[in-house]
Amino acid sequence: MNEVPLTHILFVSTALFFIGMYGLFTRRNIITMLMSIELMLNSVNINFVAFNKYLFPDKLDGLFFSLFIITIAAAEAAVAIAIIINLYRSHQSIDVDDATEMKF
Amino acid sequence: MNTSTIIFYAIAALILGAAILAVTSLKIFRSAIWLLFSLVGIAALYFWMQVEFIAAIQIVVYVGGIVVLIIFSIFLTQQSGKEMAKPATGKMIFSALAALFGTGFTFNLINHYGFNNISAAPFLPSVDEIGMQMLSTTSHGFILPFEVVSMLLLAAMVGCIVIAMKPTEANIVHLNKKED
């Protein structure tokens, strides 16, 4: 079990975070940008659980942090999708380049 | 190299491969399905770390909830078979460079930090313990964030309904009057 060092789990979560960041930079469609954000939030959750398991096995705080992050991500996805549907109704498109009314 | 190690690297390859395909696929529906695989891989990683409760939550909330929600909104807002426009090459190159630089930088930091207080004690949290600490009112309990997050969920639910509601006749008339 402990043959895999903590750093390797951190490597996986770091790579996942930057994959999400790449997606956020290149995508122009709001739904795919939301998907990239979900990837980034998940990489943070992996970090919390891994640190809790390897460094503080007698405590549970990392688990609670990841539970709360999952809850907030669910709320965020629900609100974001309501906004996307409303935006599609008024603009007939969900590209970020088409919604520029509030651009200064 | 034993079975557990091999399983870890297989799960890691699944997570990262599916994630890369999810952010680069040009068909939005395929991209959502790759995201689904990546999230299932993360749940498998939690199972591998023996935190079954978080793994179950991950499957229920992400795979069962968020991905289904995303697929629904894809069907509601666009043709899923249509290809999206390719991102501009310059932007792609600079984003990839930024991501690679960030990855390399962080890998370097992690590699040189040297976690030397790793404890060998087994980490086997039971759902019992998690529930007791979650709702305990002592100094290490999480009852306050629990209640706050329940208010947040209520607010999100009301907010979603209000935002996505189709404006009714009466509402439109009311809005027009306000503008005059």
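Visitor: How many helices and strands does chain A have?
Guide: Chain A has three helices and zero strands, and from the N terminus on its elements run α-α-α. Please keep in mind that this is a predicted model.

Visitor: What makes chain A more spread out than a compact globule?
Guide: Set its radius of gyration against the globule rule. The radius is 17 Å, while the rule gives 13 Å for 104 residues; 17 Å is well over that, so chain A counts as more spread out than a compact globule. Its C-alpha atoms fill a box of roughly 55 × 25 × 25 Å along the principal axes.

Visitor: And chain B, which elements does it have?
Guide: Chain B has seven helices and zero strands. The order from the N terminus is α-α-α-α-α-α-α.

Visitor: Why is chain B called more spread out than a compact globule?
Guide: The reasoning runs through the globule rule again. For 180 residues the rule gives 16 Å, and the radius of gyration of chain B is 23 Å, well over that value, so chain B is more spread out than a compact globule. Its C-alpha trace spans about 70 × 55 × 30 Å along the principal axes.

Visitor: What share of the residues in each chain is buried?
Guide: In chain A, buried residues make up 48% of the 104 residues. In chain B they make up 19% of the 180 residues. To count as buried, a residue needs 20 or more other C-beta atoms within 10 Å of its own.

Visitor: Why is A:Arg28 called partly exposed?
Guide: A:Arg28 has 16 other C-beta atoms within 10 Å. Buried would take 20 or more, and exposed would take 12 or fewer. The value of 16 lies in between, so A:Arg28 is partly exposed.

Visitor: Where is A:Arg28 found, and what does it touch?
Guide: A:Arg28 is in the loop between α1 (6–26) and α2 (30–55) of chain A. Leaving out residues up to four places away in sequence, A:Arg28 touches A:Asp95, A:Val96, A:Asp97 and B:Pro87. The C-alpha atoms of A:Arg28 and A:Asp98 are separated by 9.7 Å, although these residues are 70 apart along the chain.

Visitor: Which residues have the most contacts inside the largest nonpolar core?
Guide: They are A:Ile31, A:Val49 and B:Ile15, in a core of 59 residues. The elements giving two or more residues to this core are α1, α2 and α3 (61–91) of chain A, together with α1 (3–24), α2 (28–48) and α3 (52–77) of chain B. Beyond its neighbours within four places in sequence, A:Val49 is in contact with residues including A:Leu63, B:Tyr46 and B:Ile54.

Visitor: How many residues does each chain give to the contact between chains A and B, and how do those of chain B divide?
Guide: Chain B gives 71 residues and chain A gives 59. On the side of chain B that touches chain A, the residues divide into 51 nonpolar, 18 polar and two charged.

Note on methods
Residues numbered from 1 in each chain as written. Chains lettered and ligands numbered in written order. Predicted model: local features only at pLDDT ≥ 70, side-chain atom pairs only at ≥ 80, totals over all residues. Helix = DSSP H or I, 4+ residues; strand = E, 2+ residues; numbered from the N terminus. Contact = placed C-beta atoms within 7 Å. Core = buried A, V, L, I, M, F, W, Y, C linked by C-beta atoms within 7 Å. Nonpolar A, V, L, I, M, F, W, Y, C, P; charged D, E, K, R; others polar. Rg over C-alpha atoms; globule rule 2.2 N^0.38 Å.
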